[in-house]
Amino acid sequence: MDKIKRQLTSSSKATRQDRIGKLVAFLCTFLIGLLVVSIFYMVASRGLATFFKDHVSLWDFLSHQNWNPSQVGKDGTPEVGALPMIVGSFSVTVLSAILATPFAVSMALFMTEIAPKRGQKVLQPVIELLVGIPSVVYGFVGLTIVVPVVRALGGGTGFGILSGTLVLFVMVLPTITSMYVDSLRSVPGFYREAALALGATRWQSIYKVILRASVPGLLTAIIFGMARAFGEALAVQMVIGNASLLPHDLISPASTLTSVLTTGIGNTVMGTLPNNALWSLALILLLMSLAFNLLVRVIGSKGRLTK
Amino acid sequence: MKRIIGVILAVGILAVGLVGCGTKKGHAITIVGSTALQPLVERAASNYQLVNSNVAITVQGGGSGTGLSQVQSGAVTIGNSDVFAEDQEGIKAAKLVDHKVAVVGITPIVNKKVTVKNLTAKQLRQIFTGKITNWQQVGGKKQKITVINRSQGSGIRNTFEAIVLAGKTALRSQEQDSNGTVQKIVAATPGAISYTSFSYVNDQVKALNLNGVQPIAANVMTNAWPIWSYEHMYTKGKPDVQTKQFLNYVRSPKNQKTLITDLGYISIHDMKVTRDYHGNLRHK
């Protein structure tokens, strides 16, 4: 009797497993959540100290051109104008995305519409390989090949936005391609069938139907590529020249938010203005990647293929 | 499921075991900071541990600023720095004890095709402040000068600017953060000028004379060549016995004669002058 009672009132093995599983899942999620929140707190508290503790005006920070945080400028405020870096970061990001998109679209179409079998066999591994190459390798190749070529063709030192764009082009290409391939594959089969039934050629059905149906997917893919480009530090730092000058052409040395961060962070002391100013740059980076993510969400929810 | 748990446990135990090995018995000395000084300290540490197995020394880079702030906060035993603690913003130098372990000579280098061999201190200053922009102005051929500077806040740039620029602000130009990269870029870029430590001068680039003085160790020792800096190892307050022994080893004449000179530094014992952080010179 007792035995049956115990069996009925105590929890079974399956229930216990269920509880443990739930607990483990909850703990892991909680830990990751905590990590994200603490990273945000860390970057924000340090980054905002530039404005609240050191009393640099936000507008000056975003619009001035002199970056020399350890020195005080003529007007008595520290020289922390981040405009050259912001412009540099956006230039390489946008240019590399513009350059990579046509190639990515062509490759994705080739892999899904034109030659799915060969595409799968040859291009898929190529793209995966490109994703897997560490960024320092891209940077090194950029330094030994891209920079001399740009120098020979354009003059100057060869360091600058153009070299950065070319290196980033190769780095964002696989991201955009593989994401766009997924979105092309999710275009319903009956779209193609209907286009063929109406007598459209392959090119017509690609151009008039499939490309248009997958525009939201393409935009998402491009934004992901841009997020990657925006956050890339090492490879860009090796080829862009790291001059905190407002870029006036594509072949003069420039700098990005990330390149200034990586070169400067080891030379400053926690809690001082030069250090806080670097954290402010990091905050801009964080906010930008947040913006990229939000943009992807908006596009994703607006352009779902349900019509 | 069981197998997965088993694997996780095994990995966990292994990890704990490895951490255990890391903090093996004996005295641990953690050294963080200047990347310029890192190779020297790493080699000295491994040599030292061969004969003193009871000490575990960990050497990391991170930059002079990191080294100074970490040793100030007590997170590490020794902070390596290329600059005087007094010169680093946010550091209370009075709390730190300076151990100078080596001297580094710094020289301007130019692309090999540049015909200029000698610059006066004034010309060098004017090049780095943007007053002179063509090699023709200093007796070379007609060619634009491409200035490649070092990263803001880096030890070598602080030294160079303190001695060469005399309070003037450098023109804004390309910046690179390592001796190796600078050397390669100067070698490849026509009309380029930059500066590196002596050990990075090779046959790909040309070192310039300054006021007719050659950039060689013998001239640094007498301060005839004025662009040089100390490599510092800072401790918070007086070092404990084990740390002191290691520092003494680094500064020992034997180590200074072999390792330090091999790696292209100049021994502190060979210096005939001393310099404080204000730049005041004293003859020994």
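## Close-up views of a predicted two-chain model

**View 1. B:Asn223 sits in the loop between helix 7 and strand 11 (228-236) of chain B.** The model shown here and in every other view is predicted. Phi of B:Asn223 is near 70°, a positive value in a residue other than glycine. Most residues other than glycine have a negative phi. B:Asn223 counts as buried because its relative accessibility is 16%, under the 20% limit.

**View 2. B:Asn211 also has a positive phi, near 55°.** This residue belongs to the loop between strand 10 (209-210) and helix 7 (217-221) of chain B. Is B:Asn211 buried or partly exposed? Its relative accessible area is 47%, so B:Asn211 is partly exposed.

**View 3. B:Phe160 and B:Tyr195 stack ring on ring.** The count over all chains is 17 aromatic pairs. B:Phe160 lies in helix 5 (residues 155-165) of chain B, and B:Tyr195 lies in strand 8 (residues 192-197) of chain B. The pair therefore ties together parts that are 35 residues apart in sequence. B:Phe160 is buried, at 1% relative accessibility. B:Tyr195 is buried too, with a relative accessible area of 0%.

**View 4. Ring pairs join four residues of chain B into a cluster.** The members are B:Phe84, B:Trp228, B:Tyr230 and B:Tyr277. A charge also meets this cluster at B:Trp228. The charged end of B:Arg275 sits over the ring of B:Trp228, 3.9 Å from its centre.

**View 5. In chain A, the charged end of A:Arg212 sits over the ring of A:Tyr207.** The distance to the ring centre is 5.0 Å.

**View 6. A:Ser214 occupies the loop between helix 9 (202-213) and helix 10 (215-231) of chain A.** A:Ser214 counts as buried, at 3% relative accessibility. Which backbone oxygen lies 3.1 Å from a polar atom of the side chain of A:Ser214? That oxygen belongs to A:Leu211. Leaving aside residues up to four places away in sequence, A:Ser214 touches A:Tyr180, A:Ser183, A:Leu184 and A:Val187.

**View 7. B:Glu175 and B:Arg157 form a salt bridge, 3.2 Å from N to O.** The pair links distant parts of the chain, 18 residues apart. B:Glu175 is in strand 7 (residues 174-176) of chain B, and B:Arg157 is in helix 5 of chain B. Both B:Glu175 and B:Arg157 are buried. A network of salt bridges links B:Arg157, B:Glu161 and B:Glu175. Side chains of opposite charge can pair when their charged atoms come close. Over all chains, the count comes to five salt bridges.

**View 8. The side chains of B:Lys257 and B:Asp270 meet in a salt bridge, at 3.8 Å from N to O.** B:Lys257 is in helix 9 (residues 253-262) of chain B. B:Asp270 is in the loop between helix 9 and strand 12 (273-275) of chain B. The pair links distant parts of the chain, 13 residues apart. B:Lys257 is exposed, with a relative accessible area of 56%. B:Asp270 counts as partly exposed, at 26% relative accessibility.

**View 9. B:Lys100 and B:Asp98 are joined by a salt bridge of 3.6 Å, N to O.** B:Lys100 is partly exposed, at 26% relative accessibility. B:Asp98 is partly exposed as well, with a relative accessible area of 24%.

**View 10. Chain A meets chain B through 28 residues of chain A and 27 residues of chain B.** The two chains bury about 2,100 Å² between them, 47% of it on carbon and sulfur atoms. On the chain A side, A:Arg151, A:Asn267 and A:Val269 lose the most area to chain B. Together they make up 26% of what that side buries. How many salt bridges are there between chain A and chain B? The count is zero. The polar contacts between the chains number eleven residue pairs, both residues at pLDDT 80 or more. On the side of chain A that touches chain B, the elements giving two or more residues are strand 1 (67-72), helix 6 (135-154) and helix 13 (273-302). Strand 1 of chain A gives the most, with five residues.

Technical notes: Residues numbered from 1 in each chain as written. Chains lettered and ligands numbered in written order. Heavy atoms only, no water. Phe/Tyr/Trp six-rings, centres within 6.5 Å; stacked < 30°, edge-to-face > 60°. Helix = DSSP H or I, 4+ residues; strand = E, 2+ residues; numbered from the N terminus. Buried < 20%, exposed > 50% of the residue type's maximum accessible area, 1.4 Å probe, protein only. Lys NZ or Arg CZ within 6 Å of the ring centre and 35° of its normal. Polar contact = N/O pair within 3.5 Å; in protein donor to acceptor, adjacent residues only side chain to side chain. Contact = heavy atoms within 4.5 Å. Buried area = accessible area lost by both parts, 1.4 Å probe. Salt bridge = Lys/Arg side-chain N within 4 Å of Asp/Glu carboxyl O.
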